[in-house]
Amino acid sequence: MPPNLNPDQASPDWMNKGDNAWQLTAATLVGLQSIPGLLILYGGSVKKKWAVNSAFMVLYAFACVILCWAVWGYRFSFGDKMIPFWGKPNFALDGHYLMEQTFLGKFPNATMVYFQGVFAAITLVLIAGALLGRMNFYAWMLFVPLWLTFSYTITAFSIWCPDGFLAKMGIIDYSGGYVIHLSSGVAGFTAAYWVGPRLTQDRQRFPPNNILLMLFGAGLLWIGWTGFNGGDPYVVSVDASLAVINTHICTAASLLTWLLLDIVFFRKPSVIGAVQGMITGLVCITPAAGVVQGWAAVIMGICSGSIPWFTMMVIHKRSEMFQKVDDTMAVLHTHAIAGSLGGILSGIFAVPKLNRLFYGTSGHYIGLFYGLADKRTHDGFRQIGVQLVGVVFVVVLNIVSTSIICVVVQIFMPLRMSEEEMEIGDEAAHGEEAYAIWGDEEEKLDPKYELAKSKAGGQVEMV
C-alpha cells in the first residue's frame, strides 16, 4: 500500500481517514449553525433591548451541553443498554475509550462524541427560541443540563441507538426530525407555557433589530445543514450526497412556497416569512434526507412551506390556546409541526433500496408508496404506524419531562424575569447592551427608566 495508507497507532486499520475527515467537517458545520448561526439569527430577530440576552442564551446552552455531553450525556444516549430507552451512565472522557472504534462507522469514539454533541447542543438552542425576551437567565442555566439529561438522552437512545426500542421497531429518522426538531418544538412550547409571556407591548410589537444580521444567521443555518444531514450516514457515500442535495431541494421548494403564500394572502413578499419557510423545509427533510428520491423532496418542500404556514398564520391566530402561550420564534410550527410532518412523509416516500444503503438492511423499512407498488401493503402501513408511534412518544415525553423540569427549577428561582427587568432588557439582565445608538442616553434619563432600573436592582443614576 502507499505509505500514507499504511495503518499505524495514530491511524488504526479499522479507521477510514476520509470518513473521519468528513465526519469532523460535518460536525463543525453543525456547530457553526449554533455558534454563530442561531446566535446572530436570534440576536438580530429580537428587539434591540433583548439582543444580548438572546445571543447569550445560545452561547451558554452550547457550552453547557458540550461539557455535560462528554461527562455523562453521550453514554446515556449511545452507551450500553440500561433500560429500553436509556443507556448506562458513564463518562466519555477516557483517552482509551475515545480512541476506540465507535459503535457505527469507521472512525473513533472521539469523533462520534463531537458529532452527536453538536446535535444535542443545537436542540437546546432551538428550545431557547421559544423563550426569548423574558426567561430568567439563572433559570435557563439550570434548565439546560436538566433537560439534556432527562429528555434529550431518552429520545436519542430510543430512536438512534441500535438498542433503543423505537430503533428496533424500525422508525425512520435519518438525521433528527424526531430527536431534535419535534423534541425542541414541543419542549419549547411547553416551557413557554410555564415561563409565561413577554410584556404585552413586546408581544404586540417585537420588530427585529437587524434583519440583515438575521439573514446572515439564516444563511449559516441553511448551508450548515449540509453537515447536519450529510454527516448522518457516518460514511462518505452516495447516500450522503443524496441527503445533501435533497436537503437543498426541499428547502428551496419550501421557501418559495411560503413566499408565494405570503404574496397571495398578504400582498407583500416577507423576508421574515421566507426565513420561516427555509427553516420548515430544512426541518421537514431531516428525517428523510437520504432515504427519499429528489421528486419526493420537492413534494415535501411544498408541504413544509404550506402546512406550517397554515398552522402559524391561520390556526394559531384563531386558537385561544395557542394565543395564550408566547412562543417567541414560533418553534412549535417551524420545528414540531414541520418535524412531525417530515417523519410521517418519510413513512410514505422512503425507498427500500435507499433504506438498505443507510440502515444496512431493508427489513421493514419501506414507505407506504413503495409498499403499495411492491405488494408489501402490510409493511407500508406498518411503517406509517411506527412513524406515528414515534410522534406520540416524543410529544408525550417532552410535555411531561419539560413540565417537571420547569416545576423543579421554579422551586429554586423564578422562571420569568420581573416586570421591571423586562421593561429594561439586556442592561437589567446582564449590565450590557448590544448597540449604543444616538438618543439612548436621553431615554435613560427619563424618570420612568430610572424607576424601572431601580426596581430591577440596578443603581439609580444621579440626574
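**Reading burial, bends and packing**

Modeller: Let's start with Tyr152, which is buried, with a relative accessible area of 0%. (Buried means under 20% relative accessible area, exposed over 50% and partly exposed in between, using a 1.4 Å probe and protein chains only.) This is a predicted model, where local features need pLDDT of at least 70, side-chain atom pairs need 80 or more, and totals for chains, interfaces and linings use all residues. Residues are numbered from 1 along each chain as its sequence is written, and side-chain values use heavy atoms, leaving out hydrogens and water.

Colleague: Where does Tyr152 lie, and what does Tyr152 touch?

Modeller: Tyr152 is part of helix H5, residues 137-160. (Helices are DSSP runs of H or I, at least four residues long, numbered from the N terminus.) Contact means heavy atoms within 4.5 Å. Not counting residues up to four places away in sequence, Tyr152 touches Trp69, Phe119, Ala120, Thr123, Trp147, Trp160, Val179 and Ile180. Tyr152 and Ser401 are 249 residues apart in sequence, yet 9.7 Å apart in space, C-alpha to C-alpha.

Colleague: How do I read a nonpolar core, and which residues have the most contacts inside the largest one?

Modeller: In soluble globular proteins, nonpolar side chains tend to be buried together. A core here is a set of buried Ala, Val, Leu, Ile, Met, Phe, Trp, Tyr and Cys residues joined through side-chain atoms within 4.5 Å. The largest has 104 residues, and Tyr42, Leu124, Leu131, Trp140, Phe143 and Tyr152 have the most contacts inside it. A second, separate core has 25 residues, including Leu242 and Cys303.

Colleague: And bends? Where does helix H2 bend?

Modeller: A bend is the angle between axes fitted to the seven residues ending at a residue and the seven starting there. H2, residues 51-78, bends by about 70 degrees at Trp69. Because 21 of its 28 residues are buried, H2 is largely enclosed by the rest of the structure.

Colleague: How about two helices together, say H10 and H11: at what angle do their axes cross?

Modeller: Packed helices are described by the angle and the distance between their axes. Helix H10 (residues 238-266) and helix H11 (residues 271-285) have axes that come within 7 Å and cross at roughly 145 degrees. (Axes are lines fitted to C-alpha atoms over the stretch in contact, with angles from 0 to 180 degrees between N-to-C directions.) Among the residues making the contact are Trp258 of H10 and Met278 of H11.

Colleague: Is Asp379 buried or exposed?

Modeller: Asp379, found in helix H17 (residues 377-412), counts as buried at 17% relative accessibility. Leaving aside neighbours within four places in sequence, Asp379 is in contact with His364 and Ile366.
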